[in-house]
Amino acid sequence: MRSVIVVALLLSVAGCASPPKQTRNACAIFEQRDGLFNNWRRAAEKTEREYGVPVPILMATIYTESGFRHNAKPPRKKLLGFIPWKRASTAYGYSQALDGTWDSYQKQTGRWAARRTNFADAVQFIGWYHQQSHIKNGIAYNDPYNLYLAYHSGHVGYSRGAYRGRPEALRGAKRFTDITYTYARQLRDCP
């Protein structure tokens, strides 16, 4: 009996190491991650209830930031064009939260054990961050374009309009908005 439990645990952990296969389909994502202990739909819906941020926006943030890769990091810069060097930032995990922002989140929420590589923790962080965007910058919870710009540029950067001179931020906001609406349509129809 003990070996069956160990094998079941190993299989459940192994299944979580890789991103879902159909990341552009919210129903398929939730179907693939509907475990007893690791249930992504339940985690996203709990975050929506706690912070008021709709599930499609939460999921679109993870899609855009990390592609649902739990250990995502920015690429390394190259020294002399070929030697791997430092990373562009400290962004890490599903949410691509920076070290300092993650620390602020843990202090303000008391979630000291939260990990950026855990989906439920990361989606809670995203809900908290978007709520801060709503409070600090007056961005509506159903405004994916501006929520993404504040996520990408930071709250102070957003208020200063730092994204205006950054075409990658504007393209990211458009892509984020599109996937948010796609997820919203899908989630209306899935079981």
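The model is predicted, so local features need pLDDT of at least 70, side-chain atom pairs count only at pLDDT 80 or more, and totals for chains, interfaces and linings use all residues. Residues are numbered from 1 along each chain as its sequence is written, and side-chain values use heavy atoms, with hydrogens and water left out.

- Buried means under 20% relative accessible area with a 1.4 Å probe, protein chains only.
- Beyond four places in sequence, Met59 touches (heavy atoms within 4.5 Å) Ile29, Phe30, Ala44, Phe68, Phe119 and Tyr183.

**Helix α3**
- α3 has 12 residues and spans 16 Å from first to last C-alpha, close to the 16 Å expected at 1.5 Å a residue, taken as 1.5 Å times one less than the number of residues.
- Its buried residues are Trp40, Ala43, Ala44, Thr47 and Tyr51. They fall within an arc of 95 degrees seen down the helix axis, so they line one face of α3. The arc is that of the directions from the axis to the C-beta atoms.
- The cover over these buried residues includes α2, α4, α5 and α6.
- Just after α3, Gly52 has a positive phi of about 85 degrees.

**Ser95**
- Ser95 lies in the loop between β2 (83–87) and α5, where strands are DSSP runs of E, at least two residues.
- Ser95 counts as buried because its relative accessibility is 0%.
- Outside four places in sequence, the contacts of Ser95 are Glu65, Trp102, Ala122, Phe125, Ile126 and Tyr151.

Definitions and conventions. Helices (H or I, at least four residues) and strands (E, at least two) are DSSP runs, numbered from the N terminus. Buried means under 20% relative accessible area, exposed over 50%, partly exposed in between (1.4 Å probe, protein chains only).
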